Amino acid sequence: MAVVPFFYVPKRVIVAIMLFMMCLINYMMRVNLSINIIAMVTDRDENGTLVEQPDYGVRYDWSQQDQALLLGGYFYGYMITSLPGGTLAEMLGGRNVAGYSCLLGALLTALTPAAAAWDKYAVFALRFLIGLVSGVVYPCCHNLVSKWSPPDEKGKFVASLMGGTFGTVITWPLCGLIIEGIGWAWAFYIVAAFVVVVVGLWFYLVTDTPAQHSSISIKEREYIENSLGSTLGNKSKWPPYSQLIFSMPFWALTLLHYGSMWGLFFLITATPKFLSEVLGFNLSSAGFLSSLPHIARLLAAFGFGSVADWIRRKGWWTLTFTRKFFCIPSHILPGIMLIVLAFCGRDPYVCVAIMTISLGFNGAATSTNLANSQDLAPNFAGTMYGIINCLGTTPGIFSPLIVAAFTQNKNTIDEWFWIFVIGAAAYILPAIFFWVFGSGKIQKWNEVQTTEPKEDVVNTKL
């Protein structure tokens, strides 16, 4: 019998950490342009006269509509590959699909300054391609969660996918400092180099299943496999698309995810611009303050995920009721805070505080829309997340265009009133729909007709 070393670190913990890092670098490539573009463009006053700006490198005369197009370019590509991303992971393995996609994304990120010197449409093409190769990452991560996470650790495992939030947290202030120190071009180069390092660790430490891991203990492998019961099949299956289309729990999840992504992508694409141009913060301060809501979301994600796991272990609530209850902090309260912001957002620091509270509560998404695909169909968690994420990506396209439309002629807090109200509705209405039609039960089209996950192995875990 193999002896487990005293210092043995459970391999599922290492996998969870690497999932966190993979999501982190995915978001670093996604959000860096949101703050870099402030240093890349000229600024004009109401009379059309150029405003004097710090020298961070070459500046381009791109209009608000041009900037909205470039900020949305990533999401056009992301939406395309997010859809088949889960199926690719289920057929080819999440490890390789996610790893190689991020390597390609790093190369394209490093080419962005050269593209900007050529033409704004070259930047759009690069952003589209970065989104195209990145769209598979989150479905791949959900596929790996379904293989590595015991049911009573699901909340914490899904919370590891909040690495993207931490990627936003560090990218904006980091890029702000890099831009002010050595210019905006290096904010692309340094991000690309970091991505390459993380991908190298990913390939070294991660496997698609516990059974494939060369150094996992027998005890840990058996614990994971036994806890999952027979909800996971051993062979790749073609996803049941026809049954998904007619599943109300699936559509309830889709709308819930859409609402959450609207709030998230709005803050990702618009917050640095709002803080810098409307509230008057300088670039490095805007980068730091823009990250505060995402810090709150990250911390809340692990907190709410742990609470949901604890409730599940205690058996106090059904899984369906748990998912619906946590919609209150994940969707209802963020929506209410955006309404408060629309009416009370006059003081700059009050605005930052309200935005931080709003997105912080949305960290409870680890117990609602981010976890529900694992509940409904563990065999097809990657495919389901790919579909809902494909649709959930469209706010990344629409929100910059909406902001540009409302602020085309004037960019003050008054123009942002309806932007915040729209965001509030996008949070609250899907939650109400999920309360009526959502579910936490494994669906028949999961295609495994045996037992539910075993709950009697909690005390044997390593």
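Visitor: Is the crossing of H1 and H5 left-handed or right-handed?

Guide: This is a predicted model, and in it the crossing of H1 and H5 is left-handed. The contact brings together Asn 26, Met 29, Arg 30, Asn 32 and Leu 33 from H1 with Arg 127, Ile 130 and Ser 134 from H5. Sorted by class, the contact of H1 with H5 has three nonpolar, three polar and two charged residues.

Visitor: At roughly what angle do the axes of H1 and H5 cross?

Guide: The axes of helix H1 (residues 11-40) and H5 cross at roughly 155° and come within 11 Å. H1 is therefore roughly antiparallel to H5, since angles over 145 degrees are classed that way.

Visitor: Where does helix H2 pack against H6, and at what angle?

Guide: Helix H2 (residues 64-92) and helix H6 (residues 137-148) have axes 7 Å apart and pack at an angle of about 25°. H2 is therefore roughly parallel to H6, and their crossing is right-handed. On the H2 side the contact involves Tyr 78, Ser 82, Gly 85, Gly 86, Ala 89 and Glu 90, which meet Tyr 138, Pro 139, Cys 140 and Asn 143 of H6. These residues divide into five nonpolar, four polar and one charged.

Visitor: How do the axes of H15 and H16 cross?

Guide: For helix H15 (residues 327-344) and helix H16 (residues 348-361), the axes come within 7 Å and cross at roughly 165°. That angle makes H15 roughly antiparallel to H16. The crossing in which H15 passes H16 is left-handed.

Visitor: Which classes of residue make up the contact of H15 with H16?

Guide: The contact has 14 nonpolar, two polar and no charged residues. Among the residues of H15 are Pro 329, Leu 333, Met 337 and Leu 341, and among those they meet in H16 are Val 350, Ile 354 and Phe 361.

Visitor: Is His 257 buried or exposed?

Guide: His 257 counts as buried because its relative accessibility is 0%, and the cut-off for that class is under 20%. The residue lies in helix H12 (residues 248-278). Not counting residues up to four places away in sequence, His 257 touches Asn 369, Leu 370, Tyr 385, Ile 388, Asn 389 and Gly 392.

Visitor: How many helices and strands does the protein chain have, and what share of its residues is buried?

Guide: The secondary structure comes to 20 helices and zero strands, and buried residues make up 60% of the 462 residues. Of the contacts with a separation of 6 or more, 85% are between residues 24 or more positions apart. The chain exposes about 18,400 Å², of which carbon and sulfur atoms supply 67%.

How values were computed
Residues numbered from 1 in each chain as written. Predicted model: local features only at pLDDT ≥ 70, side-chain atom pairs only at ≥ 80, totals over all residues. Heavy atoms only, no water. Helix = DSSP H or I, 4+ residues; strand = E, 2+ residues; numbered from the N terminus. Buried < 20%, exposed > 50% of the residue type's maximum accessible area, 1.4 Å probe, protein only. Contact = heavy atoms within 4.5 Å. Areas by Shrake-Rupley, 256 points an atom, 1.4 Å probe, with all protein chains shown as cover. Axes fitted to C-alpha atoms, helices over the stretch in contact; angles between N-to-C directions. Parallel < 35°, antiparallel > 145°, perpendicular 65-115°, else oblique. Left-handed = near helix turned anticlockwise from the far one by under 90°. Nonpolar A, V, L, I, M, F, W, Y, C, P; charged D, E, K, R; others polar.
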